[in-house]
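Dear colleague,

Please find below the structure that I am handing over to you. My notes on it follow directly after.

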Amino acid sequence: MGKDVIIACDFAGARETFAFLDRFTEEKPFVKIGMELFYAEGPEIVRQIKARGHKIFLDLKLHDIPNTVKKAMAVLSGLDVDICNLHAAGTGAMMRAALEGLTRPDGTRPLLIAVTQLTSTDQEAMEQDLWIREPIDQVVMHYAENAKNAGLDGVVCSPLEAEKVHARCGAGFLTVTPGIRFADSAAGDQKRVTTPARAKELGSDYIVVGRPITGAPDPVAAYRRCAAEFID
Ligand code: C5P
């Protein structure tokens, strides 16, 4: 899979999601399904979006004991999604178990990527609440390396970290990067934002874009603008 724009379908239900996807008559965007939509609609929403021909990043961020994550991943693998994820904080043992669960009898599996530290966690919260004292950028790189050593395919990170992650974990280790905004659009609650063009320069493999597309007056035009800046 090459560079692509993934649309974060952060909608409350199937009706809103399909009304949105119906606008795309010429292209089949790669879509991200998160906890809100998955918990509202269940696995059927994944099957329906897949049946329409979209690639899917199922963003459920698993984090539990290795055996539970392994079994849950086996279920997700059966949904035939393209990318799944988990928290690197679950340890190498959990990540290796996840890979085992995800691998189908024929040896194929969805890509598996890790969340390092959530972008909502800052240095202070990490020190006070998680009792991790090291600088957060070093923690992110250490977790990325753990994910790489466990055999995962990449991480979710900021485009600003993509270069460092590639330097540390290899050019083929995927960086999937949210926090994308057009130069002329509102940042919302995202703190450190990057344009699609800048994300391309920084070496992101996939950009995850939500509101700049889903909230645009013309989502198809916004999607094409993202793709033109990032891919072409
Ligand atoms: O609307 P926006 O473009 O900010 O959406 C970004 C998407 O990426 C959301 O679904 C958000 O949950 C997700 N995400 C993020 N930062 C992370 C991980 C996921 O913004 N570190």
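Predicted model: local features only at pLDDT ≥ 70, side-chain atom pairs only at ≥ 80, totals over all residues.

Strand β6 (residues 154-156) runs parallel to β7, and 3 bridges join the two; strands are said to pair if DSSP finds at least two bridges between them. Helices (H or I, at least four residues) and strands (E, at least two) are DSSP runs, numbered from the N terminus.

Residues are numbered from 1 along each chain as its sequence is written, and side-chain values use heavy atoms, with hydrogens and water left out.

Strand β7 also runs parallel to β8, to which 2 bridges join it. The chain crosses from β7 to β8 through α9, and this β-α-β crossover is right-handed. Val176 of β7 is the bridge partner of Val156, and Val176 also stands opposite Tyr206 in β8. Leu174 and Val176 point one way from β7, Thr175 and Thr177 point the other way, and all are buried. Here buried means under 20% relative accessible area, exposed over 50%, and partly exposed in between (1.4 Å probe, protein chains only).

The loop between β7 (174-177) and α9 (196-202) holds Arg181. Arg181 has a relative accessible area of 6% and is therefore buried. Beyond its neighbours within four places in sequence, Arg181 is in contact (heavy atoms within 4.5 Å) with residues including Gln190, Val193, Arg211 and Pro212.

The largest pocket contains about 1300 Å³ of space. On a 1 Å grid over the protein atoms alone, probed at 1.4 Å, a pocket is an open set of points with protein on both sides within 12 Å along at least five of seven lines, and lining residues have an atom within 4 Å of a point. Grid points are joined across faces, edges and corners, and the volume is the space filled by probe spheres set on the points. Of the 41 lining residues, Leu118, Thr119, Ser120, Pro178 and Gln190 lie nearest the centre of the pocket. Elements that each supply at least two residues of the lining include α7 (136-150), α8 (159-169) and β8 (206-209).

Elsewhere, Val46 is found in helix α3 (residues 43-51). Val46 is buried because its relative accessible area is 0%. Apart from neighbours within four places in sequence, Val46 is in contact with Ile33, Phe38, Ile56, Leu58, Leu79 and Val81. The C-alpha atoms of Val46 and Asp80 are separated by 8.8 Å, although these residues are 34 apart along the chain.

Finally, two backbone angles deserve a mention. Most residues other than glycine have a negative phi. Lys61, in strand β3, has a positive phi near 45°. Lys61 is partly exposed, with a relative accessible area of 24%. Thr91, in the loop between β4 (83-87) and α5 (92-102), has a positive phi of about 85°. Thr91 is partly exposed, with a relative accessible area of 43%.

With kind regards

Methods. Right-handed = clockwise from strand over helix to strand, strands pointing away.
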